[in-house]
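Please look through the structure below before reading on.

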Amino acid sequence: MLGGLEQKIMEVLWSSPSSLKPSEVLAKVNNGHAYTTIMTVLKRMADKKLIKRELKGNTYQYQALQSKSDFAALALEDLFARLYDSYGDSVLPAFKKFTEKHQLK
């Protein structure tokens with residue numbers, strides 16, 4: 001799962017057709033964050049393999065490694081796996097109820 005600022009950064013990267021410099025990410029996040037904060041979070045996200053970090057000239061640029069839907073699917077799969085590992089079959093009725101409530105089949 002992503003933290004609040006990580007989610008905002010990912011939304012910016014997912015909406016961009018090309019890689020972005022930290023200053024471009026900062027301008028699009030536009031939430032009063034310091035440039036150094038954005039740079040630090042981008043670096044940590046790259047270290048966690050959430051995004052791609054590439055040196056172009058003397059500036060790092062960042063890009064999402066996967067689409068938003070692919071990321072969401074993997075995050076959901078991970079969440080379900082952890083819930084199932086912890087609670088076993090008892091999570092299945094809750095999942096069924098959720099899918100029915102949200103009309104998922």
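Is Trp14 buried or exposed, going by its relative accessibility? With a relative accessibility of 18%, Trp14 counts as buried, a term that means under 20% relative accessible area, while exposed means over 50% and partly exposed lies in between (1.4 Å probe, protein chains only). This is a predicted model, in which local features need pLDDT of at least 70 and side-chain atom pairs count only at pLDDT 80 or more, whereas totals for chains, interfaces and linings use all residues. Residues are numbered from 1 along each chain as its sequence is written, and side-chain values use heavy atoms, with hydrogens and water left out.

Searching the whole structure gives two aromatic pairs, where rings of Phe, Tyr and Trp (its six-membered ring) pair if their centres lie within 6.5 Å, and planes under 30 degrees apart count as stacked, over 60 as edge-to-face and the rest as tilted. The ring centres of Trp14 and Phe71 are 5.7 Å apart and the planes stand at 55°, so this pair is tilted. It links distant parts of the chain, since Trp14 belongs to helix H1 and Phe71 to helix H4 (residues 68–87), 57 residues apart; helices (H or I, at least four residues) and strands (E, at least two) are DSSP runs, numbered from the N terminus. Phe71, at 13% relative accessibility, counts as buried.

Helix H1 also packs against H3, at an angle of about 80° and with the axes 11 Å apart; axes are lines fitted to C-alpha atoms, for helices over the stretch in contact, and angles run from 0 to 180 degrees between N-to-C directions. H1 and H3 are therefore roughly perpendicular, the word used for 65 to 115 degrees, with angles under 35 counted as roughly parallel, over 145 as roughly antiparallel and the rest as oblique.

Leaving aside neighbours within four places in sequence, Val25 is in contact with residues including Ile9, Leu13 and Leu42.

Lys49 lies in the loop between H3 and strand E1 (51–56). Lys49 counts as exposed, at 64% relative accessibility, and its phi is near 65°, a positive value in a residue other than glycine.

How values were computed: Contact means heavy atoms within 4.5 Å.
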